[in-house]
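Good morning, colleagues, and thank you for joining.

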There are 2 protein chains.
Amino acid sequence: MSFLKDSIKNFPIIKELNENALTHLLNIIRVRQYKNHGQIFSKGTSLNEIYFIIRGKVKIFNKDSCGKEQIVWIMQKGDIFPLEGFSREVTFPANAEALEDSIIGSIGVHDFESLILDNPNVLIKLFSVMNERIIDLQTRLEEQVLLERNMQIVKLLLRLCERYGEITQNGQCHLKPQFTTTDLAKMVGASRGSISRTYTRLIKEQLLYKDNVGGLLVEFEKLKEKFG
Amino acid sequence: MSFLKDSIKNFPIIKELNENALTHLLNIIRVRQYKNHGQIFSKGTSLNEIYFIIRGKVKIFNKDSCGKEQIVWIMQKGDIFPLEGFSREVTFPANAEALEDSIIGSIGVHDFESLILDNPNVLIKLFSVMNERIIDLQTRLEEQVLLERNMQIVKLLLRLCERYGEITQNGQCHLKPQFTTTDLAKMVGASRGSISRTYTRLIKEQLLYKDNVGGLLVEFEKLKEKFG
């Protein structure tokens, strides 16, 4: 229990809970392990639980009838999902699957509602998380409609850097090999060829480098200045 | 004042306010008239106010450097905007412009925050409005990534019917001539030619008819069954 408490007490939203509410959460949270590719929920099932990622990564995605996949979100440690549709009776609007071996906590939707409605700080934080998701989705939709494919991919790289990147000593942004060319393709609906061509172009312009283990080094500031 | 009260008291969110809170809102709300095409706010300005549409329609949109437009939302009577970014200091993520002669009320962001934080019913309603917007954006993003252009346009027509259509006596859905071919094109990032071609195809299949004044009659149920 104290391992769990230490793991989650600084998560966004959870850290806004007072001591009593946190103790209550720790009493009711169910913790499960998922292997890489393990299914957490599938599109169309009822929304009964809210999930907290304690360790690992989760992709939220849709698939068309031909098996073509679109990744809506990649969630990581500290993230809560799905927020869509909590507080009303709905079905999950997408699938969720572990992207690596993961530890995930969950509580019932109604328990989550009671927790947050009792606590204005949690509510304000939750509004802000939902607002960020709305702005993120609007931006991506805008990019899909207004931008050429190549620019969509550059913007995606910038977003991944902001969210998942680590700044190296010489100011580049390091993206670990967690995102494959296929993953990026599924995020913007491009072919893997388009992603590779954008990489090649950026490498030629010295805005992108590949490291030895499949990760990327992005000249984040230069890239942002040029295309941001 | 009583005209204003009668106009807005049944709006979503506002109807959840108790009598005191409603009276307070009516005391602080500023009401302005906008002509068709009148600018309400522009992208990049600070978010100081929350707007309520009392009469008319508003488009929330983005423009690229070549002037190409993407319509994010079309808001109508009873809608509140923008919700993105309220409760934190941000700039507007898009432009807003009246789509017809409109009457719009507004209150300061901080006044809005006080109103809603004092009232759990309002909060739950607001969550549900935000959730609907998140699900709507996710669906549109999914359609942009996974669907062919023609199907994107069909899905857009279905969405417009659900949101703005009126059911006629013979079960068709009537869309008034408020949405031009150009508007639809700007919503999905298609050319006007693509929209016209989809219309022609649906008219040939007797799933769509044009009325005499520029509106559309959609065989909503048949269209949904075939493509929904």
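Let me start with helix 4 of chain A, which contributes 13 residues to the lining of the largest pocket, the largest share of that lining. Please keep in mind that this is a predicted model.

The volume of this largest pocket is about 1400 Å³. Its lining comprises 50 residues, and those nearest the centre are E132(A), D136(A), T139(A), R159(A) and E162(A). Which elements supply at least two residues each to the lining of the largest pocket? From chain A they are strand 5 (69-76), helix 4 (120-146), helix 5 (149-164) and helix 6 (181-188), and from chain B there is strand 4 (57-63). Sorted by class, the lining consists of 22 nonpolar, 10 polar and 18 charged residues.

I turn now to the second largest pocket, with a volume of about 1000 Å³. Of its 47 lining residues, E132(B), I135(B), D136(B), T139(B) and R159(B) are the closest to the centre. At least two lining residues come from each of the following: strand 4 (57-63) of chain A, and strand 5 (69-76), helix 4, helix 5 (149-164) and helix 6 (181-188) of chain B. Helix 4 of chain B gives the most to this second lining, namely 12 residues. By class, the lining of the second largest pocket has 24 nonpolar, 7 polar and 16 charged residues.

Staying with helix 4 of chain B, which spans residues 120-146, I draw your attention to R133(B), which is located in this helix. Is R133(B) buried or exposed? R133(B) is buried, and yet it has no salt bridge. The nearest side chain of opposite charge belongs to D79(B), 4.8 Å away, whereas a salt bridge requires a separation within 4 Å. Beyond its neighbours within four places in sequence, R133(B) contacts W73(B), M75(B), I80(B) and L83(B), together with I134(A).

Why does K77(B) count as exposed? The reason is its relative accessibility of 56%, as exposed means over 50%. Leaving out neighbours within four places in sequence, K77(B) is in contact with F11(B), I53(B), I54(B) and G56(B). Finally, K204(B) lies 127 residues from K77(B) along the chain, and the C-alpha atoms of these two lysines are 34 Å apart.

Thank you; I welcome your comments.

Methods:
Residues are numbered from 1 along each chain as its sequence is written. Chains are lettered from A and ligands numbered from 1 in the order in which they are written. This is a predicted model: local features need pLDDT of at least 70, side-chain atom pairs count only at pLDDT 80 or more; totals for chains, interfaces and linings use all residues. Side-chain values use heavy atoms; hydrogens and water are left out. Helices (H or I, at least four residues) and strands (E, at least two) are DSSP runs, numbered from the N terminus. Buried means under 20% relative accessible area, exposed over 50%, partly exposed in between (1.4 Å probe, protein chains only). Lys and Arg count as positive and Asp and Glu as negative; His and the chain ends are not counted. Contact means heavy atoms within 4.5 Å. On a 1 Å grid over the protein atoms alone, a cavity is a set of points where a 1.4 Å probe fits but cannot get out, and a pocket is an open set with protein on both sides within 12 Å along at least five of seven lines; lining residues have an atom within 4 Å of a point. Grid points are joined across faces, edges and corners, and a volume is the space filled by probe spheres set on the points. Ala, Val, Leu, Ile, Met, Phe, Trp, Tyr, Cys and Pro count as nonpolar, Asp, Glu, Lys and Arg as charged, and the others, Gly among them, as polar.
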